[in-house]
Structure formats: C-alpha cells, structure tokens
Amino acid sequence: MTVIDLRFYSDPTFVPLVILVDPQREYLAEGRALRLAEAERVAANCRELLRFAREHGFPVAVTRWRQRGKFLADTSGFGGWIEGLEPHGSDMVFEKAMPSCYSNQSFAEMMAAGGGDHAVIAGFTGSLACLSTMVDGYHRGHKLTFLSDASASHPLDGCGAGESDAVVASVVSLYARVSTLSGWMNEQVRALERPRAVRA
C-alpha cells in the first residue's frame with residue numbers, strides 16, 4: 001500500500017485529514033447486538049462530512065474492523081460498508097484487527113508522515129474505536145479533532161445511548177479537541193478563505 005506524505009501539501013494547517021472509523025453495516029442492522037440507536041443520524045452526518053471533504057479536496061482515510069467471530073466479519077454479511085459511506089478510489093483504506101486505527105501499521109506510518117498534523121475523526125464507535133484511536137494519537141503527539149455528533153456509542157453502565165455519547169465526549173476532551181460537524185466545517189471554510197483575503 002502507498003502511504004501519502006501529507007507534508008507535500010503547501011500548508012498542512014489548512015488541509016485536514018478526514019478519518020472515518022469503521023462505517024460498517026453491523027452498526028445499523030436491525031436485530032444485531034452491535035446496532036446503535038443513533039446509527040442512522042450518525043451515518044447521515046458522516047455522509048455530509050465525506051461530501052464536504054471531497055468537495056474541498058481533503059484527503060480521506062476509511063478504516064474497517066475485521067473480526068473472525070459473528071460480529072464485523074465478512075462471512076456475516078454485516079462487515080461491509082454502510083450505504084453512502086463506501087470509500088472512493090482516491091481514499092485511503094485501512095483494515096485493522098483491534099479497535100484503534102493505529103493498530104494498522106500503515107495507518108500509523110501515514111499519521112507519522114504528516115496525517116497527524118491536523119486530523120478529524122468521526123464514525124463508529126465513539127466509546128471504543130474512536131476513543132482508543134484518539135488516546136493513541138495523543139501519546140504520539142498528533143493533533144486530532146473528534147466530531148461528537150458524527151459518532152455514536154453503545155450504552156455504558158448506568159447510561160443510556162445519549163448519555164454515553166456525552167460521557168465519551170467528555171473523556172475524549174482529555175486527549176483531543178471536541179467539535180460538532182457544523183462547527184468544524186465552518187472553521188475549515190474560514191481557513192480556506194483566509195489566504196484569499198490576504199492575497200486580495
């Protein structure tokens with residue numbers, strides 16, 4: 001696999017890497033144990049994130065969690081991509097056997113090569129794959145932003161799904177910046193317009 005060195009961009013401050021974590025059908029499928037109550041809303045926000053990223057030419061990395069058991073396995077039919085969240089030909093795709101995206105060596109190398117300078121994370125699930133990725137990124141000195149409304153978590157002990165999302169966002173804030181999808185997109189638009197204003 002080819003690793004893209006994001007330092008080749010003229011100014012990586014204005015070129016965020018969009019990381020979509022495990023957009024797999026398992027999380028939307030009715031009757032499945034891993035189904036998330038907020039999965040449809042999160043999937044819609046993730047579609048908007050991808051649309052925005054591709055419209056502005058931002059690099060996109062998509063991860064897939066592969067397991068051999070009855071969950072997230074290709075043989076189950078639920079390990080495939082959620083409709084509308086499939087990688088495009090220009091996207092980077094990383095498969096992993098553990099929750100953290102950094103468990104894929106190529107992903108870790110890509111982040112070390114510049115992807116960790118300015119990355120945003122969304123996807124499934126906030127309390128496991130997203131959180132473990134951000135903890136890993138923090139210890140590697142990477143600058144990550146978590147989109148709290150473009151991710152969802154399973155209920156935690158004593159917390160419903162919505163409450164769990166709030167708890168996860170609070171924990172994430174210890175390791176990464178927390179934002180909303182609309183807030184982050186507005187920041188990127190302003191950042192993209194800033195150089196034009198200087199030249200004008």
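Colleague: How many helices and how many strands are there in the protein chain?
Modeller: Keep in mind that this is a predicted model. Going from the N terminus, the elements come in the order β-α-β-β-α-β-α-β-α-β-α. Count them up and the protein chain has five helices and six strands.

Colleague: What share of the residues in the protein chain is buried?
Modeller: A residue is called buried when its relative accessible area is under 20%. The protein chain has 200 residues, and the buried ones make up 46%.

Colleague: Let's look at strand 1. Is it enclosed or open, going by its five residues?
Modeller: Strand 1 covers residues 17-21. In a regular strand the side chains alternate between the two faces of the sheet, so both faces need a look. On one side Leu 17, Ile 19 and Val 21 are buried, and on the other Val 18 and Leu 20 are buried too. That makes five of the five residues buried, so strand 1 is largely enclosed.

Colleague: Which residue in strand 4 stands opposite Ile 19?
Modeller: Strand 4 is residues 119-124, and it pairs with strand 1 in the parallel sense over five bridges. Within strand 4, the residue opposite Ile 19 is Ile 121.

Colleague: And in strand 2, what is the bridge partner of Val 18?
Modeller: Strand 2, residues 60-65, runs parallel to strand 1, and four bridges join the two. Strand 1, helix 1 (residues 39-55) and strand 2 also make a right-handed β-α-β unit. In strand 2, Val 18 has as its bridge partner Val 60.

Colleague: What is the relative accessibility of Asp 22?
Modeller: You'll find Asp 22 in the loop between strand 1 and helix 1. Its phi is positive, about 50 degrees, although Asp 22 is not a glycine. Asp 22 counts as buried, because its relative accessibility is 0%.

Colleague: How far apart are the C-alpha atoms of Phe 58 and Val 15?
Modeller: Phe 58 sits in the loop between helix 1 and strand 2. Phe 58 counts as buried, with a relative accessibility of 6%. Along the chain, Phe 58 and Val 15 are 43 residues apart, but the separation of their C-alpha atoms is 6.1 Å.

Colleague: Moving to helix 2: where do its buried residues fall, seen down the axis?
Modeller: Helix 2 is residues 105-112, and its buried residues are Phe 107, Ala 108, Met 110 and Met 111. Seen down the axis they stay within an arc of 160 degrees, so they line one face of the helix.

Colleague: Which exposed residues does the face turned away from that buried side carry?
Modeller: The buried side of helix 2 is covered by elements including strand 1, strand 2, strand 3, strand 4 and strand 5. Turned away from that side is a face with two exposed residues, Gln 105 and Ala 112.

Colleague: At the start of helix 2, the backbone nitrogen of which residue does a side-chain oxygen of Asn 104 reach?
Modeller: The oxygen of Asn 104 comes to within 2.8 Å of that nitrogen. The residue it reaches is Ser 106.

Colleague: How many aromatic pairs does the structure hold, and what kind is Phe 52 with Trp 184?
Modeller: The structure holds seven aromatic pairs. For Phe 52 and Trp 184, the ring centres are 5.9 Å apart and the planes are at 65 degrees. Planes over 60 degrees apart count as edge-to-face. So this pair is edge-to-face.

Colleague: How many residues apart in sequence are the parts that the pair of Phe 52 and Trp 184 ties together?
Modeller: Both residues are buried, Phe 52 with a relative accessible area of 5% and Trp 184 at 1% relative accessibility. Ring pairs also link them with Phe 58 into a cluster. Phe 52 lies in helix 1 and Trp 184 in helix 5, so the parts tied together are apart in sequence by 132 residues.

Colleague: One last thing: is the peptide bond from Phe 124 to Thr 125 cis or trans?
Modeller: Thr 125 lies in the loop between strand 4 and helix 3. For the bond from Phe 124 to Thr 125, omega is near -15 degrees, and the bond is cis.

Conventions:
Residues numbered from 1 in each chain as written. Predicted model: local features only at pLDDT ≥ 70, side-chain atom pairs only at ≥ 80, totals over all residues. Heavy atoms only, no water. Buried < 20%, exposed > 50% of the residue type's maximum accessible area, 1.4 Å probe, protein only. Pairing = 2+ DSSP bridges. Right-handed = clockwise from strand over helix to strand, strands pointing away. Arc of directions from axis to C-beta. Contact = heavy atoms within 4.5 Å. Polar contact = N/O pair within 3.5 Å; in protein donor to acceptor, adjacent residues only side chain to side chain. Phe/Tyr/Trp six-rings, centres within 6.5 Å; stacked < 30°, edge-to-face > 60°.
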